[in-house]
Amino acid sequence: MRTFNIFFRTIRTLSFKKILRLLSLVLPHPLFSLLSLYATVKAFSIAQKRFPDTASSNGVGNAFRHALWCCLIMMYCCKVSSPQKALDFCKRITDMHEELFPNEPLETKMDLHNNKIGMDYFMELLPGIHRQFFEKGFFIDALMKKSENAKILKSLDDNFEGDLVYLQDK
């Protein structure tokens with residue numbers, strides 16, 4: 001119930017124009033949208049358990065959460081559609097999230113980078129595993145390992161291809 005309260009409070013902060021923009025993506029894809037919402041709740045819950053201090057900040061837990069979020073969106077959407085359609089929707093919904101809820105430029109770069117890490121990791125696993133047999137456990141251990149080697153993003157020019165990134169506490 002707490003999660004849904006957070007969700008509805010968040011939606012209420014959006015302007016009418018932003019709500020219309022969100023609806024233009026979710027209404028044509030109702031199943032993907034519901035699966036994405038479920039993935040959001042699962043990713044947040046798992047990240048909170050594994051990284052209680054940094055899952056909601058700009059730390060390593062946030063990096064893990066964003067990558068896991070994309071893996072879960074991809075996994076759930078691939079069970080009902082093609083991997084390419086799932087990837088396209090995942091990219092659009094996660095990019096839109098950054099547009100609707102803007103951060104500082106460095107935070108946005110971090111989130112988009114970690115989202116890409118999650119999508120790339122899913123697509124990397126895809127040839128070896130039929131998409132119907134994916135489970136969330138496939139991602140958690142690997143992303144935990146990536147979290148151990150996460151890099152600190154200090155500037156918009158930094159490029160840590162293949163690594164999770166986070167911001168150092170101020």
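Is Glu 148 buried or exposed? With a relative accessibility of 64%, Glu 148 counts as exposed (over 50% relative accessible area is exposed, under 20% is buried and anything in between is partly exposed, using a 1.4 Å probe and protein chains only). Glu 148 sits in helix H7, and its C-alpha atom is 10.0 Å from that of Asp 163, 15 residues away along the chain.

Some ground rules first. The model is a predicted one, so local features need pLDDT of at least 70 and side-chain atom pairs count only at pLDDT 80 or more, while totals for chains, interfaces and linings use all residues. Residues are numbered from 1 along each chain as its sequence is written, and side-chain values use heavy atoms, with hydrogens and water left out. Helices (H or I, at least four residues) and strands (E, at least two) are DSSP runs, numbered from the N terminus.

The unreviewed UniProt entry annotates residues 24–150 as "domain: DUF6973"; UniProt positions follow the numbering used here, feature names are shortened, and annotations may be inferred rather than shown by experiment. In the model that span is 74% helix and 0% strand, and its end C-alpha atoms lie 35 Å apart.

H5 runs over residues 83–100, and its 18 residues should span 26 Å at 1.5 Å a residue, which agrees with the 25 Å between its end C-alpha atoms (the expected span is 1.5 Å times one less than the number of residues). Its buried residues include Pro 83, Ala 86, Leu 87, Phe 89 and Cys 90, along with Ile 93, Thr 94 and Met 96. The cover over the buried residues of H5 includes helices H2 (16–26), H3 (30–50), H4 (60–78) and H6 (105–125). Cys 90 of H5 is buried, at a relative accessible area of 0%. Not counting residues up to four places away in sequence, Cys 90 touches Cys 70, Ile 73, Met 74 and Met 119, where contact means heavy atoms within 4.5 Å. From Cys 90 to Lys 116 it is 26 residues in sequence and 9.8 Å in space, C-alpha to C-alpha.

Ser 81 belongs to the loop between H4 and H5 and counts as buried at 15% relative accessibility. Beyond its neighbours within four places in sequence, Ser 81 is in contact with Phe 32 and Arg 131.

Next comes the nonpolar core (a set of buried Ala, Val, Leu, Ile, Met, Phe, Trp, Tyr and Cys residues joined through side-chain atoms within 4.5 Å). The largest such core has 51 residues, of which Phe 64, Leu 68, Leu 72, Phe 122 and Phe 139 touch the most other members. At least two residues each come from H2, H3, H4, H5, H6, helix H7 (137–148) and strand E2 (165–166). H4 gives the most, with 15 residues. As for Phe 122, its contacts outside the four places on either side in sequence are Cys 71, Met 74, Met 75, Cys 78, Phe 134 and Phe 139.

In H2, the buried residues are Leu 22, Leu 25 and Val 26. These cover an arc of only 90° around the axis, which puts them on the same side of H2; the arc is that of the directions from the helix axis to the C-beta atoms. Phe 16 and Lys 17 are exposed residues on the face of H2 turned away from its buried side.

Aromatic rings turn up as well, with 8 aromatic pairs in the structure. Rings of Phe, Tyr and Trp (its six-membered ring) pair if their centres lie within 6.5 Å, and planes under 30 degrees apart count as stacked, over 60 as edge-to-face and the rest as tilted. The rings of Tyr 38 and Tyr 76 have centres 5.3 Å apart and planes at 55°, so this pair is tilted. The pair links distant parts of the chain, with Tyr 38 in helix H3 and Tyr 76 in helix H4, 38 residues apart. Tyr 38 counts as partly exposed at 44% relative accessibility, whereas Tyr 76 counts as buried at 13%. Elsewhere, ring pairs join Tyr 121, Phe 122, Phe 134, Phe 138 and Phe 139 into a cluster.

Phe 133, in the loop between H6 and H7, counts as exposed at 58% relative accessibility. Leaving aside neighbours within four places in sequence, Phe 133 is in contact with Lys 79 and Phe 138.
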